[in-house]
Amino acid sequence: MALLRTGRGRYRSSPGGEDDYDSRRTQYASFSTSFDEFGPPYANLPMEILVKIFTYLSPPDRREASQTCRRWCEASHHTAFLETFWLVLHRQPFDVNMPPVRDLLHSFRRFPNIHLAEVDFERIGSFFTQFGPHIRRIVFRACELQERDLTAILRCLPALHSLSIESCRDLFMCVPLFEDATERAELRQTLATVTDLSLTYNQYLSDAILHRMVEVLPALRTLNLTGCSISFHKGLYRKFYPGDGKQPSASVLTFHYISQLIGERKSALRELNFSETLVDDNALQVLAEMSPELRLERLELNRCEQLSSRGLGTLLTAQADSMQYLDLSKTFRLTDSCLLQICRELSGLRVLKMRNCRALSNQGVRALVQLPVLEVLDISYCEEVNGEGILEGIASRPNATLRELRVRALNLCERSIIAITERLSGLRVLDLGYCFHAVSDLCVQFIFRHLVHLTELDLESCRKLSDGGLTGLGMLPVIQRHEQQEQQEQHEQSTPERPVGNGQAEPPFRPDSSPPTDAEPAMAPPVRISLRSRAEQEIVEDAERKRQLLEAMQRKDDEQSERTNDSYCSGYSLGRLRQLRVLNLTGCNRLTDVSLLYNLRLLELRNLYLAQCQQISLDGIRALVQGCPAIERLDLSECHSINDRAVELIASHLHRLRALSLRRCHQLTDFSLDYIACYGRRMRELDVRGCKHMCPDPAMRLVSLPLLATILPGKQDESTATGGGPLGGGLMSSGLFATLPPPPPPPRLTMRI
C-alpha cells in the first residue's frame with residue numbers, strides 16, 4: 001500500500017500500491033524528457049503555427065531559421081512563402097547530366113521564380129517537365145538560347161504569368177521564331193495566363209517577331225521594350241512597308257506597327273515601358289488618341305531625351321483617371337509646366353520619379369503637396385531645386401502617406417531637412433546623399449528623433465557628419481538651443497511691430513540684448529599662431545574630438561558619474577532606428593570608431609557602406625560584428641586602418657555575409673584571403689582591387705568557396721593604374737610586373753582549412 005499526500009501533511013492510502021506509483025513515475029519521466037535544457041521542443045509545434053510564426057520573419061531570417069531542423073526547413077518552404085523564392089543560375093551550363101542542374105532534379109522544392117543569367121543551354125532534359133507546372137515567372141538574361149530550346153521550355157509552363165527575355169542576341173537573330181502556325185496555336189493555349197512580357201535590350205527584335213510573340217499571349221497586360229531599337233520615323237516605315245503594309249517586317253522594329261498592336265490590345269493593356277528609346281511627342285499623341293479604351297496605370301519613360309512637355313501633357317490629360325505610376329527620370333526637356341500639370345490632374349498618382357530632370361525648379365516642386373496619395377517621390381539631381389521649394393512644398397504640412405523620399409544632391413538647408421523629419425512621419429526610405437552643406441549633426445539628430453521607422457538611410461558624402469551626430473554625445477545643448485531659436489523666431493513673427501516717431505517701427509524686444517554697461521571689458525584670449533598645414537590641423541582636431549567623445553562614453557558608462565554629466569550624453573543615437581536595413585555612410589570621413597562603439601545594435605541591418613571612412617579601425621569592427629550580426633553586404637573600401645585581424649573578425653562573426661569590398665585597403669595581406677577561405681562559406685562577391693600586399697591571383701586561395709562567383713583581383717585598380725610608377729606605363733597598365741610576387745605567407749596554427 002502506498003501513501004499519497006493530500007495537503008497540509010495529511011496522507012491517505014492508495015489502493016493501487018506500487019503499480020500506480022510506477023505508472024505515475026513513468027508518466028512524469030516521459031513529461032520531463034520532453035523538455036531539454038533549452039526549453040520545450042519547438043520543432044514539434046503544428047505546421048500551421050510554425051507557418052504563422054514564420055510570416056513575421058523577413059526572407060533572410062526565414063532562410064536562417066530553415067537551417068535549424070528538417071521541420072523548420074519544411075515550414076520555411078511552405079506555399080505561403082514561395083512567391084518571393086527565386087532560383088538563380090549565373091554563368092552555369094544548363095545540362096541535366098552535370099551539376100547544379102543534375103542535383104536540382106533530386107530536390108523536393110518547387111521553384112516558382114527562375115532567373116537564368118548568361119546560361120548556355122546544352123541539355124534541357126526533364127527539368128522543365130518536372131518543375132514547369134509550378135513556375136510563375138522566368139527571366140532569360142544574356143543567355144545562349146535557340147528557338148527550339150525556348151519553344152520546348154514554354155510548352156512546359158502552363159502556370160506562367162511573367163516572361164522576360166533580355167539581351168538574348170542569338171534568339172532574335174533567328175528570323176523563323178514562332179513561324180509555325182500550329183506551334184503558335186499550341187503555345188497560345190499553354191500561355192493563356194501570361195500577363196507580363198519584357199523584351200528589353202534586344203537589338204535584333206523586329207515587327208514580325210514581336211507580332212508572333214504577342215499573338216501567343218492572349219492575356220497581355222504589360223509590355224516592356226526598354227532599350228530596343230525602335231524606329232519612330234515614318235519615312236523608314238514607308239521604306240520597309242511598300243504596298244498595303246499588312247505583313248509585319250522582319251528587318252525593322254517600328255513604332256507604327258507597335259501602335260497597331262497596342263490598339264488591338266488597348267482594352268487589356270495597363271502598363272507600358274519605352275525607357276531608353278527615341279520615343280517623341282508624336283508617338284505619345286498617338287497613344288493619347290486611344291483613350292478612353294486605353295487606361296494606363298503605369299508608364300515608364302526613363303531617359304527619353306526626345307520628349308517634351310507638349311506630347312507628355314497630351315497623354316497625361318487622356319490618362320488622368322487611371323495613372324498611378326509615372327517614371328520620367330533623365331527626361332531633360334521637361335519643365336515646371338509639366339510637373340504642374342501632373343500635380344493638378346493626376347490626383348491618384350502614387351509613384352513619381354523625376355530624377356535628374358534638370359529643367360525643374362522650385363516653382364514646380366511647390367505643387368507636389370497637391371498629390372494626396374503620393375507614396376514614392378524621387379527628385380534627385382534636380383539642380384535648380386533647393387530647400388525653399390521643399391519647405392513650401394512637401395514639407396509645408398504634415399503628411400503620413402509618403403513612404404519613400406529621394407532628394408539626393410539637392411541644394412538643401414538645415415531647416416528643410418528638419419522640416420522633412422517633423423512633417424513626413426511615415427517615411428521608410430530617406431536619401432540625402434551628396435547634400436554637402438545641409439546634412440549636419442543637428443539634422444541627423446532630428447532624423448533619429450522623429451523617423452524611428454526608417455528601413456533605408458543614405459547619407460553618402462555628407463562630410464559635415466561626425467560622431468556626435470550618430471551617437472548623440474554632447475548634442476542635447478545643441479538641440480535645445482535650436483528649439484529656443486525656433487520659438488523666438490515664431491514669437492517675433494506673431495508679435496506686431498509698434499510704430500514710433502518718424503513713421504519707423506520699433507524692433508521687437510530681444511531678451512538677450514542688454515544696454516551697454518560701464519563695466520570693464522573682458523580680456524581677450526591671447527592669439528596663437530599655428531604653423532601646421534590645413535590637413536595637419538584637421539587631423540589634430542579629429543583626434544581631439546575622438547578623445548573627448550571616448551571620455552564622454554566612459555563617463556556615461558560609469559555608474560558613479562555625477563548627474564551633471566548625464567546631460568552631455570542624452571542625445572539620440574543611431575540605435576533608435578531598430579528597423580534599419582540599409583545604411584550608407586560612404587565618404588563620411590569624420591566618423592571614427594566611436595560611432596561603432598557607442599550603442600550600435602541594429603539586428604535588422606543588411607547592407608552597410610563605410611567606404612572612405614578612414615578613421616575606422618579594429619576596435620570599431622569588433623563592435624560592429626557584435627552589434628550587427630545580420631549584415632549581408634559590407635563595403636570597407638579605402639579604409640586604410642583595416643588590417644588582417646579585422647577581416648578575421650568580419651569573416652568569422654558575420655555568418656550571413658555575401659558581398660565584401662576591401663578595395664585599396666593597403667594593410668591587408670594574404671592572411672585576409674585565408675580567413676575568408678576558412679569562414680566565408682556564403683560569400684558571393686569579393687573586391688580586393690588595390691590591395692598591393694596580396695597575391696596577384698586571390699582566386700587560387702579561395703578555391704574552397706564554391707559559391708564565390710565574382711572576385712575582383714589586382715594590385716592596381718582602374719583609379720591608380722596610370723603608369724606613373726617606376727615600372728613604366730606599359731607594365732602597370734597591362735598588369736605585368738618586373739619581379740615575381742612574394743610567396744604567400746604560411747597559415748597560422750589556429751586556422752583550419
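Predicted model: local features only at pLDDT ≥ 70, side-chain atom pairs only at ≥ 80, totals over all residues.
Empty space was examined at the outset. Rolling a probe the size of a water molecule over the atoms shows where such space is left. The largest pocket has a volume of about 1,900 Å³. Its lining comprises 40 residues, of which W86, V88, R658, R684 and L707 are the closest to the centre of the pocket. Several elements of secondary structure each supply at least two residues of this lining, namely α3 (59–65), α4 (70–76), β3 (86–90), α5 (101–104) and β5 (113–117). The greatest contribution to the lining of the largest pocket is that of strand β3, which provides five residues. When the lining residues of the largest pocket are divided by class, 18 are nonpolar, ten are polar and twelve are charged.

The second largest pocket holds about 440 Å³ of space. It is lined by 16 residues, and those closest to its centre are R415, E422, R423, E486 and Q490. Helices α18 (414–423), α19 (441–450) and α21 (476–494) each supply at least two residues of the lining of this second largest pocket. Helix α21 gives the most, with seven residues. By class, the lining of the second largest pocket divides into four nonpolar, five polar and seven charged residues.

A search of the whole structure finds three cavities of 30 Å³ or more. The largest cavity has a volume of about 110 Å³. Among the 14 residues that line the largest cavity, L574, L585, L596, L600 and L610 are the closest to its centre. The lining of the largest cavity has twelve nonpolar and two polar residues, and no charged residues. In the second largest cavity lies about 50 Å³ of space. The residues that line the second largest cavity are V214, L220, L223, L261, I262, R265 and L269. Six residues of this second lining are nonpolar, none is polar and one is charged.

The packing of helices was examined through two contacts that share helix α25. On the side of α24, the contact is made by L618, I621, R622 and V625, whereas R645, A646, L649, I650 and H653 take part from α25. The contact of α24 with α25 has six nonpolar residues, one polar residue and two charged residues.

In the second contact, α25 packs with helix α26 (residues 670–679) at an angle of about 10°, with the axes 9 Å apart. Helices α25 and α26 are therefore also roughly parallel to each other. Here D644, V647, E648, A651 and S652 of α25 meet F671, S672, Y675, I676 and Y679 of α26. By class, the contact of α25 with α26 has six nonpolar, two polar and two charged residues.

Aromatic side chains were then considered. The structure holds twelve aromatic pairs. A pair of aromatic rings is described by the distance of the centres and the angle of the planes. One of the pairs is formed by F94 and F128, whose rings lie 5.6 Å apart from centre to centre, with 15° between the planes, and this pair is stacked. F94 lies in strand β4 (residues 93–95) and F128 in helix α6 (residues 127–131), so the pair ties together parts that are 34 residues apart in sequence.

Finally, particular features of the backbone were identified in loops. The peptide bond from P99 to P100 is cis, with omega near 5°. P100 is located in the loop between β4 and α5. The peptide bond from S291 to P292 is likewise cis, with omega near 10°. P292 is found in the loop between α13 (281–288) and β14 (298–300). E118 is placed in the loop between β5 and β6 (120–123).

Key
Residues numbered from 1 in each chain as written. Heavy atoms only, no water. 1 Å grid on protein atoms, 1.4 Å probe; cavity = no way out; pocket = protein on both sides within 12 Å on 5 of 7 lines; lining within 4 Å. Points joined across faces, edges and corners; volume = space filled by probe spheres on them. Helix = DSSP H or I, 4+ residues; strand = E, 2+ residues; numbered from the N terminus. Nonpolar A, V, L, I, M, F, W, Y, C, P; charged D, E, K, R; others polar. Contact = heavy atoms within 4.5 Å. Axes fitted to C-alpha atoms, helices over the stretch in contact; angles between N-to-C directions. Parallel < 35°, antiparallel > 145°, perpendicular 65-115°, else oblique. Phe/Tyr/Trp six-rings, centres within 6.5 Å; stacked < 30°, edge-to-face > 60°.
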